Amino acid sequence: QVQLVESGGGLVQPGGSLRLSCVASGIIFSSYTMGWYRQAPEKQRELVAQISGRGRTMYEDSVKGRFTISRDNAKNTVYLEMTSLKFEDAAVYYCRILPLEVWGQGTLVTVSS
């Protein structure tokens, strides 16, 4: 059974940082592109960043230079390092195995002063 478990969300002030983690099981992790998505209230889920099995990365424009996606294939884990957080970054963040419709349960990021 394929499973994703995210962690690392929380409350942070504007300008602060968080590191999200997503552990995968039930797949040959290194074979898949992994993505981080987010969904804010009343908004559609959007792709924030993705990383191929070989480490090629892509970012949504609003997070370029602030967020860094990385992976550790030995640990079956993908990370999202978020810095200089803004109010508009607040959302539930999900990881996904691309192109499969396999999602984690999400982790909530709240940005508030």
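Select Ile51 and you will find that this residue stands opposite Thr57 in strand 6, where strands are DSSP runs of E of at least two residues, numbered from the N terminus. The model is predicted, so that local features need pLDDT of at least 70 and side-chain atom pairs count only at pLDDT 80 or more, while totals for chains, interfaces and linings use all residues. Residues are numbered from 1 along each chain as its sequence is written, and side-chain values use heavy atoms, with hydrogens and water left out.

Next, select strand 4 (residues 33–39), which runs antiparallel to strand 5 (residues 46–51) and is joined to it by five bridges. Within this pairing, Trp36 stands opposite Ala49 of strand 5. Strand 4 and strand 5 also form a hairpin, here with six residues between them, and Glu42 in the turn has a positive phi of about 65 degrees.

Finally, move to Ser17, in the loop between strand 2 (10–12) and strand 3 (18–25). Ser17 has a relative accessible area of 43% and is therefore partly exposed, that is, between the limits for buried (under 20%) and exposed (over 50%), with a 1.4 Å probe and protein chains only. Show Thr83 as well: its C-alpha atom is separated by 4.3 Å from that of Ser17, although the two residues are 66 residues apart along the chain. Leaving aside residues up to four places away in sequence, Ser17 touches Val12, Met82, Thr83, Ser84 and Leu85, contact meaning heavy atoms within 4.5 Å.

Methods
Pairing = 2+ DSSP bridges. Helix = DSSP H or I, 4+ residues; strand = E, 2+ residues; numbered from the N terminus.
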